[in-house]
Every structure is written in C-alpha cells, then in structure tokens.
Amino acid sequence: MRALLLSEPLAIAPTERDEPTAKLGEALVKVHSIGICGSDLHAFRGHHPFVSYPRVLGHELGVEVLEIRPNEQGIVVGDKVCIEPILACGTCFPCRQQRYNCCTAIKVLGIHTDGGMAERIAVPINRLHKPTVDLTYDELALCETLSIGVQAVKRANVQAGESVLIMGGGPIGLGCLVAALDKGARVLVSDPIAKNREAAMSMGADAVVDPVAEDLATRTREWAGPDGGAHVVLEAVGVPATIAATIDCAAPTGRVVIIGVCKEQVPIKISDLMRKEVALLTTRNSCGAFPAVLKLFENHRAALAKMVTHQFGFDEGTRVFNWLHEARGGAGVIKAVLQF
Ligand SMILES: [Zn+2]
Ligand SMILES: [Zn+2]
C-alpha cells in the first residue's frame, strides 16, 4: 500500500509499505483525509524535538472502519470516524488522574510512532470517535486540531458572557474561537495576518486586531469594557513577546492559558501576575475532548467549514510539503488536507 515517508529532514516521498494488520483491541481503518499540522512541518524541517527518521507523519485523520470487533462505542465496519492520536500508559500519575495527555510515556501517532499518511493503518479501538452527525472525512480530520482549542477553553473554564482574547488566528486559535463561542463568550482575535483576521470575523469573532498596527493591551482593555482587560487570554502563538504580553491583556483575577509551544525563556514579572492574581495555566494536547469536539459540529458547522482552505490528492504530498515549507505561513492556508 502507499504511504508518504519522511526519510530525513526535507525528504518526503511516496513509498510502498506492508499492509498493516489489526492486533487484539485494534481496528483496521482506511485513511481518507489527513490534515497537515504545524508540527508536521516542524518534523519536515528537522526541528521537531520528538520525531526521529524515517517517519510516516499524520495525526489529524478522517478514516473509514474496515475491520473491527464488537466494541463499547458501537462502532461498526463502514463507519466514518476520527482518531484521537494519543497512546498513554494508563498507570503513571497523570494517567491515574485521567490526564493521559500528560502521560510520562506518551506516544502520539505520527510523532513518536508511524501515523496516518498511509492508505490503511491499525489503531486501538478506544482511540476512535464516532460523530453524532454525518461528517465528511475532511471535517473528521479537523477534529484533532479542534481538540486543542476545546482543551484550552476547558483549562480556562470559560463562562458565558466572559470576554476572551485569543492571540493567534491560525488553526489552533480558530479552534479556540469556536470552542469559546460555544460557551457563550465574546471573543477578540489578535493576528498580524489579514487572512486570519478575516477568517476569525467570518467565524463569529466579536472583533479582531492587528497587533503590529495597534497596541494589543490598550485595544483589549477598550474592547473588554470596565473589568480592566480580558477575563480570559488564550495564547496560541508561542513566542516570548506574546506570552509576556498576556499578563498585561488579562483582567485582574483573569485566567491565561499558554497553548503555543515556546522553548525560549519568557520574561514575566511575577509581581505583575500577583498584583492581578492572574492564573497562568498551560495546556498540552487534549484529554477527553473528542466528544465535545464532535458536538461542536452540531451548532457550528458553517463556521468550522471555513477552516479547511486547501485540499490536495495524496500523491501531491511531496509538492505540498515543499510548498508549505517555502511559503512559511504566507500561503493563505488555514488547514490543508491530503485526500485519498
Ligand atoms: Zn497537530
Ligand atoms: Zn501514563
């Protein structure tokens, strides 16, 4: 069967692989749609800390069930499902608290193990999630991205009527937007790229801001009203300057969640945090979020449809990776998918 193999940084090409077989507790699935994630591009560039080579990438998957044993979820052959790509040990401290997204022995499909950029794969049945409405394979492939936003909104405990600032209007930020709107929040999205701001507005943001043209903290306070800042700030950029700016944008007693991955030191004055008693939180992957993600499609399907902006055939994979790599975010892509 065909697979797309990243043999070393900057070298991705179609290859022939042996057919997978489903072990006990696993299902065999046919991959129809694969989202390309920022982390896939990091792996392509050789910058991903956990990817070794050769590797078949792909953790954002819309699939069809080919072989499955009777199971608790009631999933049967022919079902269209999405895959929660986290494999956890089940016994470490995070796992014992049902926080398997922080498992000390975590394996993410397509990062630590070979993933779904292949015609067929075998996956644990308990990692499959069946939608409540009939979704397309592209929509199913979007679910993993959305799960990050659902998790961040859960971490922030966003409430109806609250003001939420989202820094970053890429796929993660836009997923946060829909998850926050679903809670009844009012949302301001900050992004220097006009296309991302347009997408945020069309998906239901209350307002958008270009943080290069305007002072973000001032604009946030004006927008948020008398409480002195946003009740919640979600950072989906991952650079020191935006992470440091979250504190200034948050209302006194507000909550900040850092989603963007940043390996550098971030200068934060703890006294600024303390003066407002801001809760500074982090978030990682997602945990138990997929049912809530699938529920988002019941009420927000039109908004979510704006996220898959580019679709390509699987055989175009090499060209697509090179194009995304060279465009460096300038290609107007929110989410690109490869389709079988
Ligand atoms: Zn991803
Ligand atoms: Zn564990």
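Start at Asn157, which is partly exposed with a relative accessible area of 48%. Buried means under 20% relative accessible area, exposed means over 50%, and partly exposed lies in between (1.4 Å probe, protein chains only). Asn157 sits in the loop between H3 and strand E10 (163-167). Its phi is near 55°, a positive value in a residue other than glycine.

A word on conventions. This is a predicted model, in which local features need pLDDT of at least 70, side-chain atom pairs count only at pLDDT 80 or more, and totals for chains, interfaces and linings use all residues. Residues are numbered from 1 along each chain as its sequence is written, chains are lettered from A and ligands numbered from 1 in the order in which they are written, and side-chain values use heavy atoms, with hydrogens and water left out.

Gln98 also has a positive phi, near 60°, in a residue other than glycine. Gln98 belongs to the loop between helix H2 (93-96) and E7. With a relative accessibility of 57%, Gln98 counts as exposed. Another backbone feature is the cis peptide bond between Tyr53 and Pro54, with omega about 0°. Pro54 lies in the loop between H1 and E4.

Cys37 (SG) and His59 (NE2) coordinate the zinc ion (ligand 1), at 2.1 to 2.2 Å. Cys37 lies in the loop between strand E3 (26-36) and helix H1 (38-45), and His59 in the loop between H1 and strand E4 (60-67), so the pair ties together parts that are 22 residues apart in sequence. Donors are N, O and S atoms within 2.8 Å of the metal (3.2 Å for Na, K and Ca); water is not among the atoms, so sites may look incomplete. Cys37 is buried at a relative accessible area of 18%. His59 is buried too, at 4% relative accessibility.

What of the other cysteines? The whole structure has 0 disulfides, a disulfide being a pair of cysteine sulfur atoms within 2.5 Å. For Cys176, the closest cysteine sulfur is in Cys37, 13 Å away and too far for a bond. Cys176 is buried, at 0% relative accessibility. Cys89 is partly exposed, at 35%.

Now turn to charge. Side chains of opposite charge can pair when their charged atoms come close. A salt bridge here is a side-chain nitrogen of Lys or Arg within 4 Å of a carboxyl oxygen of Asp or Glu. The count comes to 18 salt bridges. One of them joins Arg17 and Asp114, at 2.7 Å from N to O. Arg17 lies in the loop between strand E2 (11-16) and E3, and Asp114 in the loop between strand E7 (107-108) and strand E8 (120-124), so the pair ties together parts that are 97 residues apart in sequence. Arg17 is partly exposed, at 30% relative accessibility. Asp114 is partly exposed, with a relative accessible area of 30%.

Arg127 pairs with Glu84, the closest N and O atoms being 3.9 Å apart. Arg127 is in the loop between E8 and strand E9 (128-129) and Glu84 in the loop between strand E5 (80-83) and strand E6 (86-87), so this bridge ties together parts that are 43 residues apart in sequence. Arg127 and Glu84 are both buried. Arg219 and Glu214 form a salt bridge at 3.4 Å, N to O. Arg219 is buried at 18% relative accessibility, whereas Glu214 is partly exposed at 36%. Arg2, Glu119 and Asp315 are linked in a salt-bridge network.

Next, a link across the sequence. Val133 lies in the loop between E9 and helix H3 (137-156). Val133 and Lys295 are 162 residues apart in sequence, yet 8.5 Å apart in space, C-alpha to C-alpha. Not counting residues up to four places away in sequence, Val133 touches Phe297 and Glu298; contact means heavy atoms within 4.5 Å. Val133 is partly exposed, at 30% relative accessibility.

Finally, the whole chain. It has 10 helices and 17 strands. Helices (H or I, at least four residues) and strands (E, at least two) are DSSP runs, numbered from the N terminus. The C-alpha trace spans about 60 × 45 × 35 Å along its principal axes. Of the 340 residues, 53% count as buried. Among contacts between residues at least 6 apart in sequence, 70% join residues at least 24 apart.
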